[in-house]
Amino acid sequence: MRTKLLLITMASFFWAVPVWPHGDKIVPQIADGAGAIRTKFDITNLSPDQKITKVKVLFFLDNGSPWSVATNRGTVSEVPLDLGPFQTIRIETLGATQNLTIGYAVIRNTDVTSVYPDDFDVAATVYYEVLNGPNVIDTVSVPIGEPTRSWILPVEIDVGRNTGFAVVNLTNGPNKVTMQLWEATEPLSGDPTDGGTAPPFTLNAKEHRAQFLTEAGFFPGRTKFKGMMKGRSEGPVAILALLQTSTPTGVQFATLVPAPLDSLRRNTFTYLRQGFALNADLPVVDYFFGELDTLPPGYDDSTWDVRYETQSGTARRLAPRNGAMIAAVGLRNATDFDALTLEQIQGLSYTANPIDMSDNSQSLAPQFAFAIRTDLGRFAKVRIADVITSGSNRDLALEIFVYK
């Protein structure tokens, strides 16, 4: 039964519709079957103050039509949420569907936004309970799906073990997908072995496909493999995989979450206005409130690492905040700045003392570099690309590289 469950699971792991609103959270698969499996959601209102009334959970069959499924909130295809501050709701399918059925869910948020990032937003945790009759014999987490065009997944193939993938085309047209294996070999300090590239396949608009990597059309000759799969697609896809493992008590599963290579970028240009604050972990600049603004009650000012403070018409400084610290590096051209290593950045002498950015300061100049040890313990190297004059203010165009 559980092998059949995996095959059904992999056959419909993702379904996505490109016209979904930007704020939707997509649960790529839910499943329900009598005595076989049920799906549980924990959804939390992140705000300490605001009530949520415009968020709902929508259930869909794998063909995209609404799924009216028996839940602890009734037999419904959608569950509207009415959550007070910091409230958490449990939604669970009842494991009562006669024939094992697979679909997906959308957590749709059409509420307003505010200056508080936690207002009108929710966090969601989703997992299966795999059943043997009335008894729970396994739990499997279901990550929220993310779009990608380039990714890496771990792969293991051996006696009693196999890796399957599920991919969905997030575009409205054909989308070619290519998958290549790289095998881990000893010594691990050397290069991996090219495990071969499967023939490219093309997904139709909104199509999803789920198969084991050992099936025909991919890597059917593989009986033993440990390493990774590098995938790429012409347009965005959502992809996830499961590792199936045979055990003395039955088949068990683990989700394999991809590393999306197109989301790994850690360098950026950021415009820091005088009087405003920088969070170097993300990195982002506060654009709601400057130093002269009166912060509304409850506004969380604890996430900012550095504030670009005004002292007078000619005096200003970069002041660390909330436990972050700063270290001056000095003038660096682009080549020398790029060459700064994490070890060098970690070895600097950090302080809570501000860096002077007053008129005629050597620090207020293009190519001046400094480093930040953030309140979360990360390190960022920063270089001034340009100084922009706006009246008596001197805004900064910053190059930032965050070590995450």
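In the predicted model, buried residues account for 48% of the 404 residues in the protein chain. The chain contains 3 helices and 29 strands, and its C-alpha trace extends over about 75 × 55 × 40 Å along the principal axes. Among the contacts in the protein chain with a separation of 6 or more, 69% are made by residues 24 or more positions apart. The accessible surface of the chain amounts to about 18900 Å², and carbon and sulfur atoms contribute 52% of this area. With regard to charge, the protein chain carries 35 positive and 42 negative side chains, the centres of the two sets being 3 Å apart.

One group of 4 strands is arranged as an open sheet, in which the order is β1-β8-β3-β6 and the pairing is antiparallel. The edges of this sheet are formed by β1 (25-32) and β6 (78-83), each of which pairs on one side only, and from one strand to the next the twist averages 25 degrees. Within the sheet, strand β3 (residues 52-61) runs antiparallel to β6 and is joined to β6 by 5 bridges; Val57 stands opposite Val79 in β6.

A further strand, β17 (residues 225-247), includes Thr245. Because its relative accessible area is 15%, which lies under the 20% limit, Thr245 is classed as buried. When neighbours within four places in sequence are left aside, Thr245 is in contact with Gly160 and Arg161, and also with Gly250, Val251 and Gln252.

Conventions:
Residues are numbered from 1 along each chain as its sequence is written. This is a predicted model: local features need pLDDT of at least 70, side-chain atom pairs count only at pLDDT 80 or more; totals for chains, interfaces and linings use all residues. Side-chain values use heavy atoms; hydrogens and water are left out. Helices (H or I, at least four residues) and strands (E, at least two) are DSSP runs, numbered from the N terminus. Buried means under 20% relative accessible area, exposed over 50%, partly exposed in between (1.4 Å probe, protein chains only). Contact means heavy atoms within 4.5 Å. Accessible areas come from the Shrake-Rupley method with a 1.4 Å probe; for residues, only the protein chains shown count as cover. Lys and Arg count as positive and Asp and Glu as negative; His and the chain ends are not counted. The place of a charge is taken as NZ of Lys, CZ of Arg, CG of Asp or CD of Glu. Two strands pair if DSSP finds at least two bridges between them. Axes are lines fitted to C-alpha atoms, for helices over the stretch in contact, and angles run from 0 to 180 degrees between N-to-C directions.
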